Amino acid sequence: MKIKYFLSTMPAWMAVVLVSCTSVTPLSDNTSTTNGLKRASAAGLHAYLTEKLSAEPRPVALPSLMPNAAGAARSAEASPAFSTTNLQEQGVDEADLLKTDGRYLYAIGAPNDSQYVEDTLRIMQISADGARVNEVNRLKLSPMTGLYLASGNKQLVSIGSSFNQVMPALRMPRPYLLMPEKTDLQYVDVSNPAAAKPTLKVSLDGSLIASRHVNNTLYLVLRSYPHMEGLGWVPYASSEENKAKNKQALASMNVADLLPTYSLNGAASQPLVAPDNCYINQQESKEQHARHEIVSIVALDLNANSLRFNSRCFVGSTETLYASPQALYVATTDYHHDPVQGSRSSTGIHKFAFAGTDIAYRGTGDVPGNLGWKEDQRPFRLSEQDGLLRIITYNDTFTNPTTVLTTPYGKSPAILSILKEGGESGLTLVSQLPNRQRPAHLGKPDEQLYATRFIGDSAYLVTFQSTDPLYVLDMSNPQDPYIAGELQIPGFSDYLHPVGKHLLLGIGKDAIPAANGEFRGAWYQGLKLSLIDTSNPGNLREVDKLIIGKRGTDSAALHDHHAVTTLPAGNSLRVALPVRLHETPQPGMSGQPSDYYGHTQTGLYRFEIDQSARKIRSLPPLITEKAPEDFWHYPERDRSIISGNNVHYFHNGAFWSQDWAGSNAVAGKQ
């Protein structure tokens, strides 16, 4: 019997399960921790679940957080023939709406009566001269959120999760929505793209949190809410009588029935995870609330001719996944409420090393602050180098002055923490900034944390309220990181992108500080591109900038880093950004910074960054829409591919093509 529950409150414990479907010797778990995850028997896990699921869950306290930022880069030392998906870590692929092998484009979505159709896979062939694309195949699949190209570009894998396709914010824990969710994987043979056909379809319990692709192994992180209605279980039980009924119902169940399942090609469900390799979190705190979601970590071998995978799961929660080429880090925010010390947040992190489909738990850590509310940008707050995890969090501590003085980071808007394997919980703190020896805050009072970016031994972060302080942190000595430089410029960067060795491109908004007495902050203006010289960290300089449009102008790059397209060309970097330009005056304007301009046009804007001259050159934009703007257009979905001296723009399910310089007529709509 397959039984499900659907409960959620704040995290207090965790269990991990390993299912081995291969004969390869697995990686070893960290069994020396005394304050991390500890192996439990299936009976022990069942008893623990029975205790935790019997009582009424406490409501999730959703935070009010400001965005951070992210970026990805490609080295200018190589000059590939075409652009690929913009990634956080080279060698760690990410799902996206548009993929290419240089000859074909694979895209999710097609236009239909001005609406974006998500269950359509379009396969477009790039013409021999590269100037245009033509559709060679179209497949109807389950709703999709991303694509991967695998097995030497001969296999396409689509991934999609039910219910929350359009609104990523709905992927947060939803304790009171009794709705089962599934994540579908569909394998498509694209060895002959014009005759592409689906092969395998795998349906897994749970909604998709994140995925990564490393060396033809696909890693998924899923959240499921097993459901128990109609089985004698009383939802939201608060009375002792109802708690007793729930314990009785749970006692009659097999623990395996509480865990998620999968099905292959519509066949009967099979266990996705097994209960006999489970772990319970020894860091359980009375201050934390019990959380009962099941988060599965699944590793699928995409080289295999049939379904081949390993999986683990932990019972608790997660809000983001960061992956290096060697390990997965899942992280979530805990909220702590104390009538004396005030409210604060902390971020719990769990490390799983991987080698192919083998996954091993390595440790648990906890740092002050949170990762922000913007889903796309959370992974960029983390970075692994030489076995060290570096993480930048936003400090939302609201306490009385006496309590603030007891913490080394005080009221610093941002906190850097560096962790390594070891200690009672498996991940131990190496250093933190600010600290008592280096008390300078990362940010000014009341500023919010925006962009973050790790590059080698340096970390860049942007905080903002009325101006943009850009900080660079030196982590070459992990035991003693320090602020190496600071730059204050108007506006803010919401995305940071390395250009070559000593340049940093910031993409964000221009801003005008509010007048005295108006409010503490600034009025956002047009889109801003800022080029920063980082060759001397102690003397950061903005060497060039461009302002595009007026107040209201927006770019998909500020919502999803995959919308940024780059391609090296000699000593220059070509950059393409989808832009919704707002510069049409509106009635009643008075010439104030608060004036909001109307939509003028939408298109792909092109730039070239000359690394020698340290200049940003603007090229003619490829315009697809004039005002009024299409109501059904979701800006985060715009993508582009630079192929040789041509660019192909994917907007609202259709393609437009033009030579890079913009000297020829636009080819499209395709």
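Modeller: Happy to! This is a predicted model, so local features need pLDDT of at least 70, side-chain atom pairs count only at pLDDT 80 or more, and totals for chains, interfaces and linings use all residues. Residues are numbered from 1 along each chain as its sequence is written, and side-chain values use heavy atoms, with hydrogens and water left out.

Biologist: How many helices and strands does the chain have?

Modeller: Helices (H or I, at least four residues) and strands (E, at least two) are DSSP runs, numbered from the N terminus. The chain has 3 helices and 41 strands.

Biologist: What share of the residues counts as buried?

Modeller: Buried means under 20% relative accessible area, exposed over 50%, and partly exposed in between (1.4 Å probe, protein chains only). Here 60% of the 670 residues are buried.

Biologist: How many salt bridges are found in the whole structure?

Modeller: A salt bridge puts a side-chain nitrogen of Lys or Arg within 4 Å of a carboxyl oxygen of Asp or Glu. The search finds 24. In one of them, Glu241 meets Lys245 at 3.9 Å, N to O. Both belong to helix α2 (residues 240-251), 4 residues apart, about one turn. Glu241 is exposed at 55%, and Lys245 is partly exposed at 39%.

Biologist: Which residues does Glu608 pair with?

Modeller: With Arg574, the closest N and O atoms are 3.5 Å apart. That pair links distant parts of the chain, strand β36 (residues 598-610) and strand β35 (residues 572-584), 34 residues apart. Both Glu608 and Arg574 are buried. Glu608 also bridges to Arg617 at 2.8 Å, and Arg617 is partly exposed at 48%.
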